[in-house]
Amino acid sequence: MDILEYENYQEKKTHFDAAFPYNTYPCSIPQDFLSVPLHWHTQTEVIYIKKGSGMVSIDLATAPVKEGDIIFIAPGQLHEILQNGSFSMEYENILFDLAMLMSKNTDSCTADFLEPLQYSYTPAKNIYRPQDKGYANIAGCLNRADEISRTTPHAYQLAIKGCLFSLLYELFLSWQETPAEKKHSLPLEKLKIIIKYVETHFQERITIADIASHCDYSQSHFMKYFKRAMGIPFIEYLNDYRLMMAARLLLASDATVLSVADEVGFENLSHFNRSFKKKFGKTPRDFRQGA
């Protein structure tokens, strides 16, 4: 079960109607979940901060965000959402598939803008704040789309598409005017492979040999690469990911602690309990009761 499926489970709804791949829903940290771990997907995502403050990491660059900020995540970009100290944050999450805007005959809009954004283009700017040039127009596109989604008038799908085209127009204008930002010194494609592998296999036994082989790295090269990219050893990252998923399951289900430990890949209940308490300051049982 990957991160999107967990979010679906938490939100009690699917991300997309296959016939119209656009969805928007409210989230809060830490009320809904403590964080959204580092991940990536092929959908386009917009995070619209409605209240409070938090942290967002995009391609390993972390920045504080607060009420009013708008974060654009292109397909394939690594990102995570984190709590900032003891502060809470409420935000709207908007997901859509760029394919819904593409022409089957590959017109100039598709060839020059949409396909590059879907497959290769990295935005020059991801975070928009209320004082930024062009922010009002970007926020206006999202606010209009929200109102249309709320009221769903006849032919609302056409109006939503219109809002998305307007949004992308404003974004491409801003990227043209924004100097290219310094990118992370490490290539991220291998890291994306690792992150996706953990998402889909964290419930299983994963060894350094397994993940290194999956990346076509030697074990020693893999360990050096991962530590340099993430700042922590792979096994620590894997256990931390499993614990975050366990925390979500404890809050979202009434499964026993033993079942949760097994579900997220811990083979030993005592080890799970000790690790959980070290990370969260509470036993799994107390964590659930105090939620």
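Predicted model: local features only at pLDDT ≥ 70, side-chain atom pairs only at ≥ 80, totals over all residues.

Colleague: What kind of aromatic pair do Phe222 and Phe234 form?

Modeller: Both Phe222 and Phe234 are buried. Phe222 lies in helix α7 and Phe234 in helix α8, so their pair ties together parts 12 residues apart in sequence. The ring centres are 5.4 Å apart, and the planes make an angle of 70 degrees. As an angle over 60 degrees counts as such, the pair is edge-to-face.

Colleague: Which aromatic cluster includes Phe222?

Modeller: Beyond its neighbours within four places in sequence, Phe222 is in contact with Ile194, Ile208, Ile211, Ala212, Cys215, Tyr217 and Phe234. The search of the whole structure finds 19 aromatic pairs. The cluster that includes Phe222 is formed by Phe202, Phe222, Phe226, Phe234, Tyr237 and Tyr241.

Colleague: How many residues apart are Phe72 and Trp175, whose pair links distant parts of the chain?

Modeller: Phe72 and Trp175 are both buried. Their rings form a tilted pair, with 5.5 Å from centre to centre and 55 degrees between the planes. Phe72 belongs to strand β5 (residues 70-73) and Trp175 to helix α4 (residues 156-177), and the separation is 103 residues.

Colleague: Is Thr44 buried or exposed?

Modeller: Thr44 lies in strand β3 (residues 44-58). Not counting residues up to four places away in sequence, Thr44 touches Phe72, Ile73, Pro75, Ile94, Leu95, Phe96 and Leu98. Its relative accessible area is 0%. With buried meaning under 20%, Thr44 is buried.

Colleague: What volume of space lies in the second largest cavity?

Modeller: The search of the whole structure finds 2 cavities of 30 Å³ or more. At least two lining residues are supplied by each of β5, α3 (135-151) and α4. The space in this cavity is about 40 Å³.

Colleague: Which element supplies the largest share of the lining of the second largest pocket?

Modeller: About 360 Å³ of space lies in the second largest pocket. It is lined by 17 residues, of which Glu80, Leu82, Met230, Tyr237 and Asp240 lie nearest its centre. At least two lining residues come from each of β2 (36-39), β6 (79-83), α7 and α8. The largest share, 4 residues, is supplied by α8.

Colleague: Over the ring of which residue does the charged end of Lys50 sit?

Modeller: Two placements of a lysine over a ring may be cited. The charged end of Lys125 sits over the ring of Tyr128, 5.3 Å from the ring centre. For Lys50 the distance from the ring centre is 3.6 Å, and the ring is that of Tyr48.

Note on methods. Residues numbered from 1 in each chain as written. Heavy atoms only, no water. Contact = heavy atoms within 4.5 Å. Phe/Tyr/Trp six-rings, centres within 6.5 Å; stacked < 30°, edge-to-face > 60°. Buried < 20%, exposed > 50% of the residue type's maximum accessible area, 1.4 Å probe, protein only. Lys NZ or Arg CZ within 6 Å of the ring centre and 35° of its normal. 1 Å grid on protein atoms, 1.4 Å probe; cavity = no way out; pocket = protein on both sides within 12 Å on 5 of 7 lines; lining within 4 Å. Points joined across faces, edges and corners; volume = space filled by probe spheres on them.
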